Amino acid sequence: MARRDAGEAFYRIKVDEALEMFGGDDVAFVDVRRPDEYAEGHIKDALFVPVDDLLSRIDELPTNKKLVFICAQGARSALACEMAAAMGINSENLYNVE
């Protein structure tokens, strides 16, 4: 079940929860890994915005969907969630896959 730790601006979800969300009209997956990692394999139709580019490309993220951020282990995607919240994206729509 999605959970939010104290002080966090996003929900934490497990891989199986992310799979349940996949394909929903109200959900966008955002892959924040490095280009070489993304090239090795990625989720179909995921937006590719490396975490280092997120602030300069924040306007590419849909504002009317839940945003599910993914990386290799959950650290960069958690950072991306925090950055998105700081840039004004509604924290109720931010999810980090752990």
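Biologist: Is Asp26 buried, partly exposed or exposed in this model?

Modeller: The model is predicted: local features need pLDDT of at least 70, side-chain atom pairs count only at pLDDT 80 or more, and totals for chains, interfaces and linings use all residues. Residues are numbered from 1 along each chain as its sequence is written, and side-chain values use heavy atoms, with hydrogens and water left out. Buried denotes under 20% relative accessible area, exposed over 50%, and partly exposed the range in between (1.4 Å probe, protein chains only). Because the relative accessible area of Asp26 is 39%, Asp26 is partly exposed.

Biologist: With which residue does Asp26 form a salt bridge?

Modeller: A salt bridge requires a side-chain nitrogen of Lys or Arg within 4 Å of a carboxyl oxygen of Asp or Glu. For Asp26 the closest N and O atoms are 3.9 Å apart, and the partner is Lys66.

Biologist: How many residues apart are Asp26 and Lys66 in the chain?

Modeller: Helices (H or I, at least four residues) and strands (E, at least two) are DSSP runs, numbered from the N terminus. Asp26 lies in the loop between helix 1 (15-21) and strand 2 (27-31), whereas Lys66 belongs to strand 4 (residues 66-70). The pair thus links distant parts of the chain, with a separation of 40 residues.

Biologist: Is Lys66 buried or partly exposed, given that strand 4 is mostly covered?

Modeller: Four of the five residues of strand 4 are buried. The relative accessibility of Lys66 is 29%, so Lys66 counts as partly exposed.

Biologist: In which sense do strand 4 and strand 5 pair?

Modeller: Two strands pair if DSSP finds at least two bridges between them. Strand 4 and strand 5 (residues 94-97) share three bridges, and in strand 5 the bridge partner of Val68 is Tyr95. The sense of this pairing is parallel.

Biologist: What is the handedness of the β-α-β unit of strand 4, helix 3 and strand 5?

Modeller: A crossover is right-handed if, with the strands pointing away from the viewer, the path from the first strand over the helix to the second runs clockwise. The unit passes from strand 4 through helix 3 (residues 75-86) to strand 5, and its handedness is right-handed.
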